[in-house]
Amino acid sequence: MKIRLMALVGMIIILASGLILSGCGATTTGTKNDKIVVTTTIGQIGDAVKNIGGEHVEVQSLMGPGVDPHLYKAKQSDIGKLQEADIIFYSGLHLEGKMLEIFEKMNKEKPTYAIADSIPKDKLRKDQADNTATDPHVWFDIDLWKIALEQVRDGLIEKDPENKEDYIRNTEKYFAELDELKAYSTEEMSKIPEEQRVLVTAHDAFNYFGAKYDLQVMGLQGLSTDAEYGLADVQSLVNTLVERNIKAVFVESSISEKSINAVIAGAQDKGHEVEKGGELFSDAMGKEGTEEGTYIGMYKHNVDTIVEGLK
Ligand code: ZN
């Protein structure tokens, strides 16, 4: 009888401690193998979270290679990935224009950060066509991108203060690599001759990039690919190409080539040969596992491709 009672008491203790344990677990729903599950939108953010979070995070990005964030609508499987996340990082500034409602909803349930919101407003660029809109393509200015990534670091620290030192150290290491990338890009871009410093692409993703490296940027579509381009836009780009004797225009991995082909054909009609200078990664990165599947790799690829096409 006594033994039975003791066994019963023991069982109650085990059950109770189990409840306490699962109670603790409930505050970190979705955690797999003790890692913090992070869901991001564009790969550029996912790559940064991997670098800053290191061994403590498991990252899933909703938007893979070739995906256009301006038009992207969440799929059923994405909702699952957002629901099982411990933290969500997205870019903001209306980049993910069709997902705002979902992020608002998620923000009530778990830490959900629009990382570009932490960049001081006076450092952001306006849309050239529409002065009320902000240009969301901030990852092309490495200094601004670092400000946005401090939000990633701070968000991880808030969620997992125990590993604060790791997040700080990883961020410092990654920022040093980004500084190297900036030095490389500045050096390479300076090789483009003065008269060739015009970058023509399918949509206005490169204004921060152009401002940084003294390059005039002309995109066929506005800041968001949601806008249609018109014949007048094609004609004005063609005129610039002919007048300034520009050698190359560029396609983007996440945008159809159709618009850029129209520009090349238009220039040809005027007797001016324009080359397709190669593919740039603007809003989406390259395939996972390749150089271009990382932020630093895609940035370098863009710099090398632009310099090669225009110098
Ligand atoms: Zn874009």
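**Figure 1. Salt bridge between Arg 169 and Asp 166 in helix H6 of the predicted model.** Arg 169 forms a salt bridge with Asp 166, and their closest N and O atoms are 3.0 Å apart. The model shown in this and the following views is predicted. Both residues belong to helix H6, where they are 3 residues apart, about one turn of the helix. A search of the whole structure gives 11 salt bridges.

**Figure 2. Salt bridge between Asp 179 and Lys 146.** The closest N and O atoms of Asp 179 and Lys 146 lie 2.7 Å apart, and the two residues form a salt bridge. Asp 179 is in helix H6 (residues 164–189) and Lys 146 is in helix H5 (residues 142–159), so this pair ties together parts 33 residues apart in sequence. Lys 146 is buried because its relative accessible area is 15%, under the 20% limit. Asp 179 has 35% relative accessibility and therefore counts as partly exposed.

**Figure 3. Salt bridge between Lys 50 and Glu 288.** Lys 50 pairs with Glu 288 in a salt bridge whose closest N and O atoms are 3.9 Å apart. Lys 50 lies in helix H2 (residues 43–53), whereas Glu 288 lies in the loop between E8 and helix H10 (295–310), so the contact ties together parts that are 238 residues apart in sequence. With a relative accessible area of 70%, Glu 288 is exposed. Lys 50, at 43%, counts as partly exposed. Side chains of opposite charge can pair when their charged atoms come close.

Figure 4. All 5 of the 5 residues of strand E7 (residues 248–252) are buried, so the strand is largely enclosed by the rest of the structure. Ala 248, Phe 250 and Glu 252 point one way from E7, while Val 249 and Val 251 point the other way. In a regular strand the side chains alternate between the two faces of the sheet. E7 runs parallel to strand E8 (residues 275–280), and 4 bridges join the two. Leu 280 of E8 is the bridge partner of Glu 252. From E7 the chain passes through helix H9 (residues 258–269) to E8 in a right-handed β-α-β crossover.

**Figure 5. Strands E1 and E2 with helix H2.** Strand E1 (residues 36–42) pairs with E2 in the parallel sense over 6 bridges. Opposite Val 37 stands Glu 58 in E2. E1, H2 and E2 together make a right-handed β-α-β unit. Strand E2 (residues 57–63) is mostly covered, with 5 of its 7 residues buried.

**Figure 6. Surroundings of Phe 89 in the largest nonpolar core.** The largest nonpolar core contains 87 residues, and those with the most contacts inside it are Phe 89, Leu 149, Phe 209, Tyr 295 and Ile 306. Leaving aside residues up to four places away in sequence, Phe 89 touches several residues, including Val 38, Ile 45, Val 49, Tyr 113, Ile 115, Val 152 and Leu 156. In soluble globular proteins, nonpolar side chains tend to be buried together. Buried residues account for 48% of the 311 residues in the chain.

Technical notes
Residues numbered from 1 in each chain as written. Predicted model: local features only at pLDDT ≥ 70, side-chain atom pairs only at ≥ 80, totals over all residues. Heavy atoms only, no water. Buried < 20%, exposed > 50% of the residue type's maximum accessible area, 1.4 Å probe, protein only. Pairing = 2+ DSSP bridges. Right-handed = clockwise from strand over helix to strand, strands pointing away. Core = buried A, V, L, I, M, F, W, Y, C linked by side-chain atoms within 4.5 Å. Contact = heavy atoms within 4.5 Å. Salt bridge = Lys/Arg side-chain N within 4 Å of Asp/Glu carboxyl O.
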